[in-house]
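Student: Can we go through this one together? I'd like to start with how it is put together.

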Amino acid sequence: MLKIEDLRVNYGGIEAVKGISIDVPEKEIVTLIGANGAGKSTTLRTVAGLVKPASGRISFFDEDITALPSHSIVAKGITMVPEGRRVFPDLTVLENLKMGAYLRKDSLKDDIQWVYDLFPRLKERSWQLAGTLSGGEQQMLAVGRALMSRPKLMMMDEPSLGLAPIIVRGIFEIIKEINRQGVTILLIEQNANIALHTANTAYVLETGRLTMKGIGKELLNNEAVKKAYLG
Amino acid sequence: MENKKTQNITTVVGIVFLLLLVIVLEQIISPTSTMAMLLTVTKKSAIYAVVAVSMNLLNGFTGLFSLGQAGFMLMGAYTYAIFTIPRAERDAVYYYYDQAMELSFPEVFGNALGSVGFLLGVLLAIILGGLVAAAVAYVIGFPVLRLKSDYLAIATLGFAEIIRALFQWTKLGPITNGANPLKNYVRLNSFKIEMGDTTIGLSTFTTLLFATICIGIMVMLINSSYGRAFKAIREDEVAAEAMGINLYKHKQIAFCISCFFAGVGGAMLAMFANTVQANNFKSNMTFEILLIVVLGGIGSVSGSCIGAVLFVFAAEWWLRGLDSGKWLFINAPGVLRNGFRLVVFSVGIMIVILFFRRGIMGDKELPYYAKRIRDRFIINKPKAGEKENG
């Protein structure tokens, strides 16, 4: 459904992404792993329309979406859970969820219920300010907020960042559950172990170039990946 | 939800009560008594509250630090005055210039529809004042809104100064009367009902009513999904963008609406004062409004209203006695006269800021505190239960 072809992005004066091509098939979980500064986040931000590419083409359901403004991209059904959660700290949990559905004009009742079913914790904290939630809860809220736009593709930037391992496992269980319910997921992670366990397809990115592509579980046994990312 | 409904009803009842109280007070207090000052400062604080809330909408809710308020008020005030000076008075006002404008809304509508038309004409002139300010805001928004924080403040401040200079330009004299004041337009004291011998003055009531309507509209905007988007932009621009909020468009909307109400506030200030002169709308005025917003609490509408009342009442009334030597029934010694008022005022502001770091109301609204006080004093049974458990 999402096709990235020969994408090049300049970011802060350097070429952060040097011609990568990625294919995200519908209803799958695709992951992009790599070290710091490999260009993972930049790729995601370019798809979301937050950064403009230097060249290359991004298409979604065969429609060219390269360099569209971010609000048009959200309207087309691509949403992003930004790195470091970035919930709105002085808005309540419920308000945060409503923000996620900002471009929708229809009733939100069912979707709010859907998010509350996925994350019962959020329902308990519905009236609390998002800034007072714990890190794990904020990550749940960030995911829930992204789901409120009823996305076809959800892109997640480092959902495990700064969270305890047990919480990370919980978050990834929910990512799988969301995927089972029909949302395609493009995930970037530094925690290669859990990402490769979760994903159908995985790409390895090194300093702006793709160096490997494979089925998630197979890459887990790949010697080079083991050496570089799994330790 | 139930709670919210009662809250809204309480607010409406409170406002209606206040408006009725003002009507009564206006009839009781004679213009010559010392208490007449109460009505004057009420009017002025209502007008300042409108402008303060409009500034809060931009600075507190959208996170755009703009200091152009005085410039937009000036445009509102001039537009209002220009379109309400009666034709017969024009020659006396535009003494040095051949006036280019002959249109007076209250006169035109008044001739056609009587007193209703007069009111309609005044309203139209006020709204036009706001629209002019908003239109100019829209245009300067293109370059200015690409700036962030301090730079935006500097740009808007500079813009307000340019506007002030522009309105005094002699080439524009036929419209703006150059550096000379505009006067003889429709003022607040025109709002009264005359029945035979008795006159029911409604100037304070009208000001308060206009202010209530303006602030009410802004509150509705803040509580709408647009308001939520504004707050999202304030909290985190990147995340807001990722939610599909068109940053630039929403900043532009917030800027235009804020300036619209600044213009309306300016028009009301013109009605309050006897003359309109560009020299009165200096950056000083912007800082007064900013002071009110900070004092009341950035991001709190009721805070801005309370701040406006405290500021105007203290500056114009409560501390005035110091100048004449009498204050709080004390005969002040000579040292305390002539300007000492400003010292007391500044110390007062410092004390408030020391004790209320985030302004009097913080970013909460009045009902929040009402609820907290009620919880503390009335419902203390669950608290006793808690102690048993703990």
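Predicted model: local features only at pLDDT ≥ 70, side-chain atom pairs only at ≥ 80, totals over all residues.

Student: OK. How many residues of chain A are in contact with chain B?

Tutor: On chain A there are 21, and they meet 16 residues of chain B. Two residues are in contact if their C-beta atoms, placed from the backbone, lie within 7 Å.

Student: Which elements of chain A give two or more residues to that side?

Tutor: Helix H2 (70-75) and helix H3 (93-100) of chain A. Helices (H or I, at least four residues) and strands (E, at least two) are DSSP runs, numbered from the N terminus.

Student: And what is that side of chain A by class?

Tutor: 13 nonpolar, 4 polar and 4 charged residues. Ala, Val, Leu, Ile, Met, Phe, Trp, Tyr, Cys and Pro count as nonpolar, Asp, Glu, Lys and Arg as charged, and the others, Gly among them, as polar.

Student: Switching topic, what domains does chain A have?

Tutor: Domain 1 (2-77 + 151-230) and domain 2 (87-150), with bounds from an automatic or database domain assignment. Their C-alpha centres lie 23 Å apart. Domain 1 of chain A puts 13 residues into the contact and domain 2 of chain A puts in 10.

Student: Which element gives the largest share on the domain 1 side?

Tutor: H7(A), with 5 residues.

Student: Now chain B. How many helices and strands?

Tutor: 18 helices and 4 strands. The radius of gyration of chain B is 23 Å, close to the 21 Å that the globule rule gives for 390 residues, so chain B is as compact as a globular protein of that length. That radius is taken over C-alpha atoms, and the rule is 2.2 Å times the number of residues to the power 0.38.

Student: At what angle do H3 and H6 of chain B pack?

Tutor: About 140°, with the axes of helix H3 (residues 69-82) and helix H6 (residues 115-144) of chain B 8 Å apart. Axes are lines fitted to C-alpha atoms, for helices over the stretch in contact, and angles run from 0 to 180 degrees between N-to-C directions.

Student: Which residues make that contact?

Tutor: Among them are Phe72(B) and Tyr80(B) of H3(B), and Leu128(B) and Val132(B) of H6(B).

How values were computed. Residues numbered from 1 in each chain as written. Chains lettered and ligands numbered in written order.
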